[in-house]
Amino acid sequence: MALTIGIAGLPNVGKSTLFNALTRATVLAANYPFATIEPNVGVVPLPDERLGKLADIFGSQKILPATVSFVDIAGIVRGASEGEGLGNQFLANIREADAICQVTRAFSDPDVVHVDGKVDPASDIETIATELILADLQTLEKAIPRLDKEVKGKKTDKAVLETALGAQKLLEEGILLSQGAKDAGLDPEHLASFQLMTAKPFIFVFNTDDEGLADTAMQEELRELVAPAEAIFLDAKFESELVELSEDEAAEMLADAGIEESGLDKLARVGFDTLGLQTYLTAGPKEARAWTIHKGWKAPQAAGVIHTDFEKGFIKAEVIGFDELVECGSIANARAAGKMRMEGKDYVMQDGDVVEFRFNV
């Protein structure tokens, strides 16, 4: 399931440093605007302690976690909606992403220039929001006259035009569609047809330092600023050092810093959830594996992720919750205890279901 999160932000906020840490890649992270020109894609494993326990139970040789794809995108500047900087290219790349991870600088360093001359997270967020809003307004201004003609000619449902007009009104008020569309009652399917950037889910990453990570008042202020979107605070330099260590060394470094979970692990988890995804699990002697599905999918759809034949010939799914399986210690014990369930075509999959599908070829 190829769903991607675009890493966006002003130049020199730490986007590429963060991307390097996420993927252990060697993307250029230079101290000047537009160091990233072509979008760089990295596939990051989703941390999942359940897989190790499953591998122990089943004697699995391999562990295959779910993944999250991140795209590092060229920095945006004021005027990008009018083509400033690499504006047109930036906007095209953002449109292709399923969600936007906006990296904002929240650290002071005289050796790293800020494109606007000062560190001001609220101003940076407003700059990018403004450019995305202006670009979306341009899209709608082109679409609305065409839709109006199509509605009059009875070629398009009037509700599509009404959705476009409602979206235009919100954007003119400076409201991101991801924050205001639901309350305004805009039809999500019609809205999606316009491929508007401000309608995408947002995650806000604040790249800070030791002082910022300890400043709970500052963090709370920024959380309120971006709510209801998720806010994550991390030190991209620290994270890039962390990924170069062994698992034990990284755990020790986190403990020394008083951090329970790395920022990258948190970002992968939040990103996965923001995309509306969850996992179900399968295991055997060869592998313990997490499969990515949308929340709300039913058993046949989930089976189709493994192979389309599984969905076409779906009969039943033998299911047990992960915690129940661990408690029983084995599939045999779970069956003996009556914990395994046979679920049919209408069963809605739950995160962490351990499943074996039955199907006709």
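Good morning. Ala, Val, Leu, Ile, Met, Phe, Trp, Tyr, Cys and Pro count as nonpolar, Asp, Glu, Lys and Arg as charged, and the others, Gly among them, as polar. With these classes, the lining of the largest pocket has 26 nonpolar, 16 charged and seven polar residues.

The model is a predicted one, in which local features need pLDDT of at least 70 and side-chain atom pairs count only at pLDDT 80 or more, while totals for chains, interfaces and linings use all residues. Residues are numbered from 1 along each chain as its sequence is written, and side-chain values use heavy atoms, with hydrogens and water left out.

Let me stay with the pocket. On a 1 Å grid over the protein atoms alone, a pocket is an open set of points where a 1.4 Å probe fits, with protein on both sides within 12 Å along at least five of seven lines; lining residues have an atom within 4 Å of a point. Grid points are joined across faces, edges and corners, and a volume is the space filled by probe spheres set on the points. The largest pocket holds about 1,500 Å³ of space. Its lining comprises 49 residues, and Pro47, Leu264, Asp265, Ala268 and Arg269 lie nearest its centre.

Which helix gives the most to the lining of the largest pocket? Helix 12 does, with eight residues. Helices (H or I, at least four residues) and strands (E, at least two) are DSSP runs, numbered from the N terminus. Among the other elements that each supply at least two lining residues are helix 1 (15-23), strand 2 (40-45) and strand 8.

Strand 2 contains Pro45. Because its relative accessibility is 48%, Pro45 counts as partly exposed. Buried means under 20% relative accessible area, exposed over 50%, and partly exposed in between, with a 1.4 Å probe and protein chains only. Leaving aside neighbours within four places in sequence, Pro45 is in contact (heavy atoms within 4.5 Å) with Pro65, Ala66, Thr67 and Ala268. Ala268 is also one of the residues nearest the pocket centre.

Strand 8 (residues 277-283) contains Thr279. Is Thr279 buried or exposed? Thr279 is buried, because its relative accessible area is 2%. Its side chain makes a polar contact with the side chain of Arg50, at 3.0 Å. A polar contact is a pair of N or O atoms within 3.5 Å; within protein, one must be able to donate a hydrogen and the other to accept it, and residues adjacent in sequence count only if both atoms are side-chain atoms. Beyond four places in sequence, the contacts of Thr279 include Asp48, Ala66, Phe272 and Trp291.

I turn now to the paired strands. Two strands pair if DSSP finds at least two bridges between them. Strand 5 (residues 99-105) runs parallel to strand 1 (residues 4-8), to which four bridges join it. Within that pair, Gly6 has Ile100 as its bridge partner. Six bridges join strand 5 to strand 6, again in parallel, and Cys101 stands opposite Ile203. Strand 6 (residues 202-207) is in turn joined by five bridges to strand 7, also parallel, where Asn207 is partnered by Leu234.

In a regular strand the side chains alternate between the two faces of the sheet. Strand 5 is covered on both faces: Ala99, Cys101, Val103 and Arg105 are buried on one side, and Ile100, Gln102 and Thr104 on the other. In strand 7 (residues 230-234), four of the five residues are buried.

Thank you for your attention.
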